[in-house]
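Here are some notes for reading this structure. Please keep the sequence and the 3D view open while going through the points.

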Amino acid sequence: MKSKIRLHVLGLSCSQLQSGAYALVLAEEHGPRRIPVVIGPAEAQSIAIVMEGIRTPRPLTHDLFVSFAHAFGVKLTEVFIYRFEDGIFSSELTFTDGNRTVVIDARTSDAISIALRTRTPIYTTPEIVESAGFVLEDDVLTRSEEHLDENEDFEDEFESYADDMSYHANPKIENYTIEELERTLSQLIEQENYEEAAHISDILKRKKGLGGSDETTE
């Protein structure tokens, strides 16, 4: 297994390499090096919305992707930036539904945007940090580490924001499909967890339209 270095999103700045583009700055978790990833304005906006805790009137594409995955009981467990070649970063997303694990290739900007929405860890290789990383002055960032220290802590702010969203890092039972609920119910019965099984059974009945006292219409 390859050695991995965890990264976190430090901030965004205007790209000095491409007009109209932005640099997404990633920082190694225990070290001074920074990795700038050039992204487009639409991707930068999607990431900035999460970082700033802004709630949009309607879901953006990345929000929709996260909600869709969670509705089917699928969880993103890791983002891995595995290659840096000709100035382009390549990333992959690792998903699981509890039974299967699937790895999907993705643009790095999309992968990180989804990772922020699901509070999923981001990793890369020591080789990429060595070749693409360098010490970056904080004052070029729109949101620097110094700024975060002087104001509210970003991690606390984001935790509060994410907990208030309709989509979460762990999918809600109520958003499971009938097939997923039936599979979960069988597993709980096998484990003799009858109390939780009764709860799942009640949700399953409502999903199938067989009854339930708290049915709602939207």
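1. Start with Ser46, which is buried, its relative accessible area being 4%. The cut-off for buried is under 20%. Keep in mind that this is a predicted model.

2. Ser46 belongs to helix 1, which covers residues 41-51. Its side chain and that of His62 are joined by a polar contact of 2.8 Å. If neighbours within four places in sequence are set aside, Ser46 touches Leu60, His62, Ser113 and Arg117.

3. What does a search of the whole structure find in the way of aromatic pairs? There are three of them. In the pair of Phe68 and Phe72, the ring centres lie 5.0 Å apart and the planes are at 45°, so this pair is tilted. Planes under 30 degrees apart would count as stacked and those over 60 as edge-to-face.

4. Are the two residues of that pair buried or exposed? Phe68 is exposed, at 54% relative accessible area. Phe72 is partly exposed, at 42%.

5. Another ring to look at is that of Phe80. The charged end of Lys4 sits over this ring, 4.6 Å from its centre.

6. For the protein chain as a whole, the secondary structure consists of eight helices and seven strands. The chain has 218 residues, and 40% of them are buried. Of the contacts with a separation of 6 or more, 55% are between residues 24 or more positions apart.

Conventions. Residues are numbered from 1 along each chain as its sequence is written. This is a predicted model: local features need pLDDT of at least 70, side-chain atom pairs count only at pLDDT 80 or more; totals for chains, interfaces and linings use all residues. Side-chain values use heavy atoms; hydrogens and water are left out. Rings of Phe, Tyr and Trp (its six-membered ring) pair if their centres lie within 6.5 Å; planes under 30 degrees apart count as stacked, over 60 as edge-to-face and the rest as tilted. Buried means under 20% relative accessible area, exposed over 50%, partly exposed in between (1.4 Å probe, protein chains only). A charge sits over a ring if NZ of Lys or CZ of Arg is within 6 Å of the ring centre and within 35 degrees of the ring normal. Helices (H or I, at least four residues) and strands (E, at least two) are DSSP runs, numbered from the N terminus. A polar contact is a pair of N or O atoms within 3.5 Å; within protein, one must be able to donate a hydrogen and the other to accept it, and residues adjacent in sequence count only if both atoms are side-chain atoms. Contact means heavy atoms within 4.5 Å.
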